[in-house]
Amino acid sequence: MTFSALWTAFYTILTREIRRFTRIWPQTLLPPAVTMTLYFIIFGSLIGSRIGEMGGFDYMQFIVPGLIMMAVITNSYSNVVSSFFSMKFQRSIEELLVSPVPNWAILAGYVAGGMARGLSIGVIVTLLSLAFTQLSIHNLAMVVVTVFLTSALFSLGGFINAMLATKFDDISIVPTFVLTPLTYLGGVFYSIDMLPGFWQGVSMANPILYMVNGFRYGILGVSDVNPFVSLGMIAVFIVLLAAVALHLLSRGKGIRH
Amino acid sequence: MTYALEIEGLLKNYGDGFQALKGIDLRVAEGDFFALLGPNGAGKSTTLGIVSSLVNKTAGKVRVFGHDMDTDLSRAKLSLGVVPQEFNFNQFEKAFDVVTTQAGYYGIPLRQAKASAEKYLKKLGLWDKRDTPARMLSGGMKRRLMIARALVHEPKLLILDEPTAGVDIELRRSMWQFLEDINRQGTTIILTTHYLEEAEALCRNIAIIDRGEIIRNTSKRDLLQQLSVETFLLDTENTLAGPPDLPGFEVKLDDDGALEVEVSKGTSLNALFIELEKQGIRVLSMRTKANRLEELFVRMVEENAKQAHKVVEVSS
């Protein structure tokens, strides 16, 4: 395929993904907006006012970057996992398999679709947070790079989950039992300085901690870890997951007999 | 000669040890209207699945218009349009979007994709339904939508896996007409079907596959010439109590009281009517029992099954 044909194919997948999640906006865009608003009200305003400062900022300001990141992570992941698995389930994935679109372009299209939803939610949650607190950006480049890479990483994770899933239960196991605990324990609501030494060490093994802190550094200028280590970690995970996803696609795992 | 499809030594073993294809060879010439026939589980859909990249082969070579699917997959796929047996489009998309999205996968820019989608949806009588979600279409409309989708990038080879399954007779005939038209315009067509009348009406060349092997691959004319016996049904004026004795003919009386007569190849039908005349039986109408290809197909598959059974007996 020529470059322009490849671009058309990629753009077709991306626009189809955007069309999908905007068509079903009450299932995709509205729930995270409602959930995050509740977090802002309950944890930020009601409980946060009694907690006081954390990392030199009031509690609401401290948790906003983490909550934005949490929304980006879960939505990037769930967009790709549910969309790709639905295509497998309906067999409409065969439309792509018979076409000349190379595997890397299929993967890029889905990841871009997941990023489109993750970043849309990120923007919505950011706008909602402005109703509760003021945000000043410490390092815009860090904010943009961290959120883009994190969104790409979890879109890749969702893709792999969808490739390996054989039934609908399989696409909710990872978000429920892996993603949510890691996010909650990834420093969204607290600084790991508050933890005893042992648990601080354990927390350092949680990849989401690096993403939340990298993003928090971009907005507030404070972080539990070196922000450049965060970016490095995300980049390494992206390369690893992309390699796994491409391997599964070339083997046709779950999509070719 | 240019071949639209060349298959050499195609082998497919499934994980459970089942051998779906036992190294088949097949060639389909450019411009042909070709039928791949066989009973359920014979290997038809596996063969077409491999050609369509939906099934991984175990061994063998597949070339589409000379493009090797191992080394030149992209060009091979660009030459190919596929209409599968099962509905496999996004049920929530509008009919128009199903077709234009497929065009996008082939790298066709949106404006051109819309024009092509309009052309084929109109030709297939679906233009009025373009904004209807695919799941709301009738079974026949869904089949036609899959044909429009397969043609949107103007492939040189169109593969149809049981395209008229579950379609009423009137619609089936209009689909035949459509397929004959695009074949006349140069598109090579390969189809599988359980309606042997369909293969007899449309195809010029036929391969019969059974138990993962091609047991016959020839022109329809040659195949039909192999038919040694044809069965006719005769409606008679007289009500017959039992089958009459007609020397030289196998005669039965069917449940509706019609005479079922087997006529060997080369036997004159005049001889049959002379015998009927002698017995005072007046014939009001006459028709063939089944279409000729169907008769031949059933015999070949039964013969192949008997031989396979013998091999098993000898080897066990």
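The model is predicted: local features need pLDDT of at least 70, side-chain atom pairs count only at pLDDT 80 or more, and totals for chains, interfaces and linings use all residues. Residues are numbered from 1 along each chain as its sequence is written, while chains are lettered from A and ligands numbered from 1 in the order in which they are written.

**Exercise 1. Confidence**

Task: State which elements of chain A and of chain B have the lowest and the highest mean pLDDT.

Solution. Step 1: pLDDT is the predictor's confidence in each residue, from 0 to 100. Chain A averages 90, and 100% of its residues score at least 70. Chain B averages 87, with 94% of the residues at 70 or above.

Step 1: Helices (H or I, at least four residues) and strands (E, at least two) are DSSP runs, numbered from the N terminus. In chain A, the lowest mean belongs to strand β1 (residues 53-54), at 78, and the highest to helix α6 (residues 103-129), at 96. In chain B, helix α10 (residues 292-315) is lowest with a mean of 67, and α3(B) is highest with 96.

Step 2: For the complex, the predictor gives an ipTM of 0.86 and a pTM of 0.83.

**Exercise 2. The fold of chain A**

Task: Determine how the radius of gyration of chain A stands against that of a compact globule.

Solution. Step 1: Chain A holds eleven helices and two strands. Their order from the N terminus is α-α-α-β-β-α-α-α-α-α-α-α-α.

Step 1: The radius of gyration is taken over C-alpha atoms, and the globule rule is 2.2 Å times the number of residues to the power 0.38. For 257 residues the rule gives a value near 18 Å, and the 19 Å of chain A agrees with a compact globule. The C-alpha trace of chain A spans about 60 × 35 × 35 Å along its principal axes.

Step 2: A residue is buried if 20 or more other C-beta atoms lie within 10 Å of its own, exposed if 12 or fewer, and partly exposed in between, with C-beta atoms placed from the backbone. Of the 257 residues of chain A, 48% count as buried.

Step 3: Two residues are in contact if their C-beta atoms, placed from the backbone, lie within 7 Å. Of the contacts in chain A with a separation of 6 or more, 83% join residues 24 or more positions apart.

**Exercise 3. A residue in helix α4 of chain A**

Task: Decide whether A:I63 is buried or exposed, and name the residues that it touches.

Solution. Step 1: A:I63 is placed in helix α4 of chain A. Because 26 other C-beta atoms lie within 10 Å, A:I63 is buried.

Step 1: Leaving aside residues up to four places away in sequence, A:I63 touches A:F43, A:G44, A:V188 and A:F189. The C-alpha atoms of A:I63 and A:G44 are separated by 7.4 Å, although the two residues are 19 residues apart along the chain.

**Exercise 4. The sheet of chain B**

Task: Give the strand order of the open sheet in chain B and the helix that packs on it.

Solution. Step 1: Two strands pair if DSSP finds at least two bridges between them. The open sheet has four strands in the order β2-β1-β4-β5 (chain B), with antiparallel pairing. Its edge strands are β2 (19-29) and β5 (67-68) of chain B, each pairing on one side only.

Step 1: Strand β1 (residues 3-13) of chain B pairs with β2(B) over eight bridges in the antiparallel sense. B:K12 stands opposite B:L21 in β2(B).

Step 2: Helix α1 (residues 44-51) of chain B packs on the sheet and touches β1, β2 and β4 (59-64) of chain B. Eight of the eight residues of α1(B) are buried.

**Exercise 5. The contact**

Key
Axes fitted to C-alpha atoms, helices over the stretch in contact; angles between N-to-C directions.
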